[in-house]
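Open your viewer and settle in for a short tour.

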Amino acid sequence: MKLKLKIWKQGDAHSRGSFVTYDLDGVAPEMSFIEMLTYLNETLIGKGEEPVTFEHDCHEGICGSCGMYINGYPHGPVKGLTTCLLSMRNFKDGETIVIEPWRAKPFPVIKDLMVDRNALDKIQQAGGFISVTTGAAPEANTIPVNKKNSDLAFDASVCIGCGACVAACKNASAMLFVSAKISQYALLPQGRPEGKERVRAMIAEMDRQGFGSCSNTGACEAQCPKQIKLFNIARLNREYYKAF
Amino acid sequence: MNKILFSAVSKKFVMALAGLFLLLFLPVHLGINLMLLRSDPEPFNTAAHFMATFPLVKVVEILLILAIMTHITYGLIIQVHNWLSRPVRYAVRNKSDTSAFSRFMIWTGGSVLIFLVIHFFNFYFIKLGIVEGDPENFYAIAYQLFAVRGYAILYWVCFLILGFHLYHALQSAFQTLGWSNEFWKPVIRVISLIYSIVIPMGFAIIPLIIRFFK
């Protein structure tokens, strides 16, 4: 495959960026998007040019580091996939692919396509945990949990904190991320004792980081590679009102 | 305390409550407007007189004005904050699978506001004595306005836009208030669809009937 890549290049958060166009030949349809970018970088290094900076790690859709905005879609045009699992089969020979970093005030560009997603970590650190005394692990079935809540909590807990919800939202809102983190505890008995403090602290931190509000457009749900559902945001809202 | 009152969730909560209050008023207004279809102006003018003078309605009127102002003020504050949350826009338009009605709420809301201002000048300010006119004969004023083709078209277009606004607004309010889950979401969508068609089209059909069938 032969591709024309228009990639955002930027030195750091304070410098001005611009698009640089690369013509890349010899891309195999079997390659993942990350492999294609790695191949581009090898080509650039071979020519003595500066490679494109982007983040990636696990290559199996669970670390959440490989996010980038591809042709108008966070993580690319295929639903339910991270960029690392996106195959080049989904693009046509000769296609122009425009690649941008996540755009949000709380996600400053570190370099090129790599952004600082520490804002999400700070929200998690504000309350996304349960306090337990250390010691021997208790028997797992001591506290009964109904199957429905167990499944819903698991579905919420698969959020990998990649930031695609923020990137997709027209308001750069992190509500889907926060709702997943709140739901995974709110639905389980272990999360209830600190429920009120958790939701208050996480929402306050979300606001402090400068994320936008939720307009309930559903772009976050549409682009979430882990397909976290929008009704988690309704649960987050309920939890927040109950906390006062 | 400020953090609680003005958090991202609280602002949406206040906006949703104010919006829902306005949605409750629309069917009442429509019920009165449908009396315009009768040839006798008396029932419409009597209803308008009742709405302008009955003490309990006066209280509701103040609440309505407060709800409109709150909805607009919070809407603008939220929108400006949202725009600031993404200082650098994407070069390629976001193609995520979302409803068009939900993406243009500030613009459909702004259009409805412009109509509301015109509507206030045509009727409400006459009632308050700010604008000249006969507050006891709103029936005649309505017929005079609908006789103007430009006004009838504006009226029709504004209610079409109001329908777009309401379709997302109702669903969004339920979601914001936390009254949505996997089971209720499709039910709420159907209720929103019915409301956003029946109420605005109920208003919009009045000038059509008056112009073409009366």
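Begin in chain B by selecting helix 8 and helix 9, where helix 8 passes helix 9 in a right-handed crossing. Here a crossing is called left-handed if the near helix is turned anticlockwise from the far one by less than a right angle, and right-handed if clockwise. Helix 9 of chain B spans residues 184–213, and the axes of helix 8 and helix 9 of chain B lie 8 Å apart at an angle of about 165°. Helix 8 of chain B is therefore roughly antiparallel to helix 9 of chain B. By class, their contact has 19 nonpolar, four polar and two charged residues.

Some conventions before you move on. This is a predicted model, in which local features need pLDDT of at least 70 and side-chain atom pairs count only at pLDDT 80 or more, while totals for chains, interfaces and linings use all residues. Residues are numbered from 1 along each chain as its sequence is written, and chains are lettered from A and ligands numbered from 1 in the order in which they are written.

The terms used on this tour are these:
- Helices (H or I, at least four residues) and strands (E, at least two) are DSSP runs, numbered from the N terminus.
- Axes are lines fitted to C-alpha atoms, for helices over the stretch in contact, and angles run from 0 to 180 degrees between N-to-C directions.
- Angles under 35 degrees count as roughly parallel, over 145 as roughly antiparallel, 65 to 115 as roughly perpendicular and the rest as oblique.
- Ala, Val, Leu, Ile, Met, Phe, Trp, Tyr, Cys and Pro count as nonpolar, Asp, Glu, Lys and Arg as charged, and the others, Gly among them, as polar.

**Next: a loop in chain B**

Select B:Pro41, which sits in the loop between helix 2 (8–33) and helix 3 (42–53) of chain B. Leaving out residues up to four places away in sequence, B:Pro41 touches B:Tyr139 and B:Ala140; contact means C-beta atoms, placed from the backbone, within 7 Å.

**Next: where the chains meet**

Now show both chains. In the interface, 39 residues of chain B are in contact with 38 residues of chain A. On the chain B side, helix 1 (2–5), helix 2, helix 4 (55–84), helix 5 (100–103) and helix 8 (149–176) each supply at least two residues. That side of chain B has twelve nonpolar, 16 polar and eleven charged residues.

**Next: chain A and its sheet**

Chain A has eight helices and seven strands, and 46% of its 244 residues count as buried. Its C-alpha atoms fill a box of roughly 60 × 35 × 35 Å, taken along the principal axes.

Strands pair if DSSP finds at least two bridges between them.

- Strand 1 (residues 2–9) and strand 2 (residues 18–25) pair in the antiparallel sense over eight bridges, and A:Lys4 has A:Asp23 as its bridge partner.
- Strand 1 and strand 5 (residues 96–100) pair in the parallel sense over four bridges, with A:Lys6 opposite A:Val98.
- Strand 3 (residues 69–70) and strand 5 pair in the antiparallel sense over two bridges.
- A:Ile99 in strand 5 is the bridge partner of A:Ile7 and also stands opposite A:Ile70.

Definitions and conventions:
Contact = placed C-beta atoms within 7 Å. Buried ≥ 20, exposed ≤ 12 C-beta atoms within 10 Å, placed from the backbone.
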